[in-house]
Every structure is written in structure tokens, then in C-alpha cells.
Amino acid sequence: MARRRKNDEGGVSLFPFMSILACLIGILTLMISVIMQVKQMEREDRTEEEMARAVENRDLTNEAEKLKKENEELDERLKREKATAAQMAKLEDRKIALKLKLEEIEKAKSKDQSDAALQKLVENLKSEIASLKKERPPLVKQLEKLRAQLKAKKEEPKPEQSVVIRPGGIGSRTARNLFFVECTSTGIVLLSGENEGKIISTAAIGTNESYNALLDTVKDTRDSMVLFLIRQGGNNAYRWAAGWAESKYELNTGKLPVPNEGKIDLSLFNN
């Protein structure tokens, strides 16, 4: 193997590396020169009309990009304005509703009632009014049917005998404190509690304050239950009333059918 050539001082010679580097620089310079000449020839071959078209095309492209960007900005602004308009409309509707509610509360405040109680009372009254409106047509039809039957019989209806509810007839596992509710074809009648004799339509069972107050009393009374006395056609009212008492207040309930339409007598439970 040939030995490396050394200079007079004993170092390695860099002449081969420098020669290769000079060759590379020369080749790159030649390539750059050729490319520049080719580009110049291409420009010289273009006519003035082609150059004008190229410039115009460049300007149109830039203008199109600018218009596209402006269009996107306008679309975004339009969306924001539409959202703002819809929100303003909702706020206006909410403002009107709150104004009407405030007027109702201001009128009711003259009766020295709390705001929460007044609001709840208004909502319950509206619900009961709507329920009564729905139930009125069937009741009117039923009343007309009964009048027609009485007219056909041409006799006055005989008064029904009182129905005496006996403690022994409701089972041996009843609670010591019983609260009675009568179920009819149109709703329920409270036979116990402070609002005794209160008539409540079937549709208003879940919102009526009197019935809810009775259920609260039952819940606060130890060893108690609600006994439903079911008239003919009162199964629907019973299902609603008993379901509300069991699911909402977790109360024990019982039921007892009433054989006729006479007045219910609970005198045996007075003691």
C-alpha cells in the first residue's frame, strides 16, 4: 500500500481535496449560468401580449383571493348578526312574559302573600281551570243523559240511603289513623283533613293544594294511611289519586268499594 505523501514539515497534503472542491464550484457555476440563460431565452420568446396576460392573470388571482376573504368575513358577520337578532327576539319575548308575571304578582301582593306562594297559586289555578275546561263537555253530556232518563221515567228520583263504612270491612292490617278520600267518576272528594268536603277534578289531582296538604298531614301522622272509597265509575280517579300519594309521598293506601250513591257515613270511626 502506497504511503501518503508528506510535506517538508511532516504534514498531510490538501492538494487533492482542494482540486476536487474547485471542480465542484466550477460545475455549479456552469449549471447556474446555463439555467439563467434558459430563463432569459424563455422571457425573450414571450410576446408583449403574453406578458400582459400573465400580469393580468396574476392581478386577477390576487383580486379573487381578496374578494374570497372579504366574502368569508361578511358571511361570518351575517351569522353573528342573525344570532344576535334571534337572541334579541327571545329576550323581548321573555321580557313581555316577565312583565305580565310581575303585574300578576303586584296585584296579588296587596293581599299580603309571599311571592313564591303567589306564583305557585297562580300556576295551580291555571292548571285547574284548564282541567275543568277539558272535563266540562263530558260532564254536560252525562248530565243531559241523566235528565233524559229521568224525563223518560217521569218520576222523581228516590233519595239513596246512607252508606255506613264499618271498620271491620276494611281489613285487619289497617293503620290506627285513617284519612278518607271519596273517588267519583269526575274526581275525588276529601272526607278528612282541614279541607273536608273539597271537590277536586281528576286532572287537578297532582297540583291541587288541598289534596297535597292532606297528604302532608298523613305523612306527618304516625301509623296512618289513606283509605279511598270508590264509587261507581271512580276507578280512574282512584288510580290517579292513589298513584300520586304512593309515588310522591310514599304513603300507605287502601281501597273500599261503595255499593250505592248514598251519602257516606263515617260515624263509626269518630272514636
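Contact here means that heavy atoms lie within 4.5 Å, and by that criterion Y211, N212 and L215 in helix 4 meet A241, A242, W244 and A245 in helix 5. The structure is a predicted model, in which local features need pLDDT of at least 70 and side-chain atom pairs count only at pLDDT 80 or more, while totals for chains, interfaces and linings use all residues. Residues are numbered from 1 along each chain as its sequence is written, and side-chain values use heavy atoms, with hydrogens and water left out.

**Overall layout**

- The protein chain holds 5 helices and 7 strands, where helices (H or I, at least four residues) and strands (E, at least two) are DSSP runs numbered from the N terminus.
- Along the sequence these elements follow the pattern α-α-α-β-β-β-β-α-β-α-β-β.
- Of the 271 residues of the protein chain, 22% count as buried, a class defined by under 20% relative accessible area, with exposed meaning over 50% and partly exposed lying in between (1.4 Å probe, protein chains only).
- Among contacts in the protein chain with a separation of 6 or more, 69% come from residues 24 or more positions apart.

- An open sheet is formed by 5 strands in the order 4-3-2-5-6, with mixed pairing; two strands pair if DSSP finds at least two bridges between them.
- Its edge strands are strand 4 (199-201) and strand 6 (253-257), each of which pairs on one side only, and the twist averages 30° from one strand to the next.
- Strand 2 and strand 3 run antiparallel and are joined by 3 bridges, and a hairpin connects strand 2 to strand 3 through 3 residues; the bridge partner of C183 in strand 3 is I188.
- Strand 3 is also joined to strand 4 by 3 bridges, the two running antiparallel, and here G187 has S201 in strand 4 as its bridge partner, whereas V189 stands opposite I199 in strand 4.

**Helix packing**

- Helix 5 lies across strand 2, strand 3, strand 5 and strand 6, and runs at about 170° to strand 5; axes are lines fitted to C-alpha atoms, for helices over the stretch in contact, and angles run from 0 to 180 degrees between N-to-C directions.
- Helix 4 and helix 5 pack at an angle of about 45°, with their axes 11 Å apart, and are therefore oblique to each other, given that angles under 35 degrees count as roughly parallel, over 145 as roughly antiparallel, 65 to 115 as roughly perpendicular and the rest as oblique.

**Nonpolar cores**

- A nonpolar core is a set of buried Ala, Val, Leu, Ile, Met, Phe, Trp, Tyr and Cys residues joined through side-chain atoms within 4.5 Å; in soluble globular proteins, nonpolar side chains tend to be buried together.
- The largest nonpolar core has 22 residues, of which V181, I188, Y211 and F228 touch the most other members.
- Strand 2 (177-183), strand 3 (187-190), helix 4 (209-220), strand 5 (224-230) and helix 5 (235-248) each supply at least two residues of this core, and helix 5 gives the most, with 5 residues.
- Not counting residues up to four places away in sequence, Y211 touches V181, I188, L190, I200, I205, F228, A241, A242, W244 and A245.
- A second, separate core of 14 residues includes I165, A175, L227 and I264.

**Loop residues**

- A204, in the loop between strand 4 and helix 4, counts as buried because its relative accessibility is 1%; A204 and A241 are 37 residues apart in sequence and 9.8 Å apart in space, C-alpha to C-alpha.
- P167, in the loop between strand 1 (163-164) and strand 2, counts as partly exposed at 38% relative accessibility.
- Leaving aside neighbours within four places in sequence, P167 is in contact with L268 and F269, and P167 and L268 are 101 residues apart in sequence but 7.2 Å apart in space, C-alpha to C-alpha.
- D223, in the loop between helix 4 and strand 5, has a phi near 50°, a positive value in a residue other than glycine, and is partly exposed with a relative accessible area of 41%.
- E250, in the loop between helix 5 and strand 6, likewise has a positive phi, near 55°, in a residue other than glycine, and is exposed with a relative accessible area of 67%.
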